[in-house]
Amino acid sequence: MRDGEPGLRVCGVTVRRRGVTVLDGADLTAQPATVTGLVGPDDAGAAALADVVCGLLRPACGSVHLDGADLVRRAPRLRGRRGVARTFRRPEVFRGLTVRENVLVAAQAHALTREVPGRSRRDRRRIRRAALREAGTVADALLERLGITAYAARRAGRVPPGVARLVELARALAADPRLLVLDEPSAGLSVPQTRALEVLLREVAAEGPAVLLIERDLELMMGVCDRLHLMRAGRVVASGSPFEVRETCRPRPAPVAGR
């Protein structure tokens with residue numbers, strides 16, 4: 001992927017913490033309308049790479065581009081305006097607000113801060129006001145889409161962990177992202193919820209954004225990802241289709257003596 005082309009491109013990213021190399025020249029691409037998987041054990045550096053992409057971690061060297069725009073020097077909130085949204089391994093929600101209020105706040109924030117076209121400042125204000133009026137409709141549609149409408153009036157701090165994870169995902173989708181980064185989104189979900197999530201992610205990707213899915217379990221990626229990147233020791237060591245990457249993980253048979 002060359003500069004200016006759509007999607008996410010990470011090149012040669014290195015991160016050091018207290019003298020320890022967490023990322024060692026990591027490379028990654030995630031194309032629009034595609035679910036891209038990033039898989040590896042806890043110490044592989046996948047979460048750190050997500051932090052770099054989202055602006056929570058500054059690399060010692062390397063570049064991060066989204067749709068050709070350099071993100072490295074942009075603060076997380078500015079990356080959000082550029083279309084980067086993320087969920088975390090431990091769901092981050094406003095525990096004192098209701099489920100609906102959590103999603104509504106995210107939809108309102110997006111309506112007020114998103115980049116909008118317009119010939120004048122008045123045009124842009126008019127577009128933002130219209131989007132703000134529609135924020136409630138957007139929030140309700142997302143609750144229904146994720147199957148959590150029944151929890152709409154409950155405090156987010158008092159819902160089951162799996163529901164809290166879906167609330168966080170609804171908040172991310174309310175930002176209408178161009179890049180959606182999901183850190184182990186199936187953790188805490190039941191098997192039916194996990195299957196439904198896989199279908200949802202395919203649907204979201206089909207609508208245009210690049211979806212970057214981080215998991216430790218390769219098998220969870222097989223049915224949902226178009227492309228996989230395998231991380232070990234801070235580097236991406238294999239890339240390709242899910243089946244190609246799984247083949248690289250299979251132990252090779254020992255050579256037979258005398259052949």
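Predicted model: local features only at pLDDT ≥ 70, side-chain atom pairs only at ≥ 80, totals over all residues.
Strand β3, which spans residues 34-39, is mostly covered, with six of its six residues buried. In a regular strand the side chains alternate between the two faces of the sheet. Burial in β3 extends to both faces: T34, T36 and L38 are buried on one side, and V35, G37 and V39 are buried on the other. The strand has two parallel partners among those examined here. With β8, β3 pairs in the parallel sense over six bridges, and L38 stands opposite I214 of that strand. With β9, the parallel pairing of β3 comprises four bridges, and G37 stands opposite L228 of β9.

A separate description applies to the antiparallel strands. An open sheet is formed by four strands in the order β2-β1-β4-β5, with antiparallel pairing. Its edge strands are β2 (20-30) and β5 (69-70), each of which pairs on one side only. Between strand β1 (residues 8-17) and strand β4 (residues 61-66), which run antiparallel, there are five bridges. In this pairing V10 stands opposite V64 in β4. Strands of a sheet pair through backbone hydrogen bonds, either parallel or antiparallel.

V224 is located in the loop between β8 (210-215) and β9 (227-232). The residue counts as buried because its relative accessibility is 2%, below the 20% cut-off. Leaving aside residues up to four places away in sequence, V224 touches V35, E198, L201, R202 and L213. Of these, V35 belongs to the buried residues of β3. The C-alpha atoms of V224 and T34 are 9.8 Å apart in space, although the two residues are 190 residues apart in sequence.

Three cavities of 30 Å³ or more are present in the structure. The largest cavity has a volume of about 80 Å³. V224 is one of its lining residues, together with P185, S186, T194, L197, E198, L201, L213, E215 and L220. Both α7 (191-206) and β8 supply at least two residues of this lining, and the largest share, four residues, comes from α7. By class, the lining of the largest cavity comprises six nonpolar, two polar and two charged residues.

The second largest cavity holds about 60 Å³ of space. Its lining consists of G40, P41, D42, G45, A46, A47, R89, E184, I214, E215 and R216. Two or more of these residues are given by each of α1 (46-54) and β8. The lining of the second largest cavity divides into four nonpolar, two polar and five charged residues. I214, which lines this cavity, is also the residue of β8 that stands opposite L38.

The largest pocket contains about 920 Å³ of space. Its lining comprises 29 residues, and G80, V84, A85, R86 and A175 lie nearest the centre of the pocket. At least two lining residues are supplied by each of α2 (76-81), β6 (84-87), α3 (99-113) and α6 (161-174). By class, 13 residues of the pocket lining are nonpolar, four are polar and 12 are charged.

No disulfides are found in a search of the whole structure. C11 counts as partly exposed because its relative accessibility is 26%. C61 also counts as partly exposed, at 36% relative accessibility.

Methods:
Residues numbered from 1 in each chain as written. Heavy atoms only, no water. 1 Å grid on protein atoms, 1.4 Å probe; cavity = no way out; pocket = protein on both sides within 12 Å on 5 of 7 lines; lining within 4 Å. Points joined across faces, edges and corners; volume = space filled by probe spheres on them. Nonpolar A, V, L, I, M, F, W, Y, C, P; charged D, E, K, R; others polar. Disulfide = S-S within 2.5 Å. Buried < 20%, exposed > 50% of the residue type's maximum accessible area, 1.4 Å probe, protein only. Contact = heavy atoms within 4.5 Å. Pairing = 2+ DSSP bridges.
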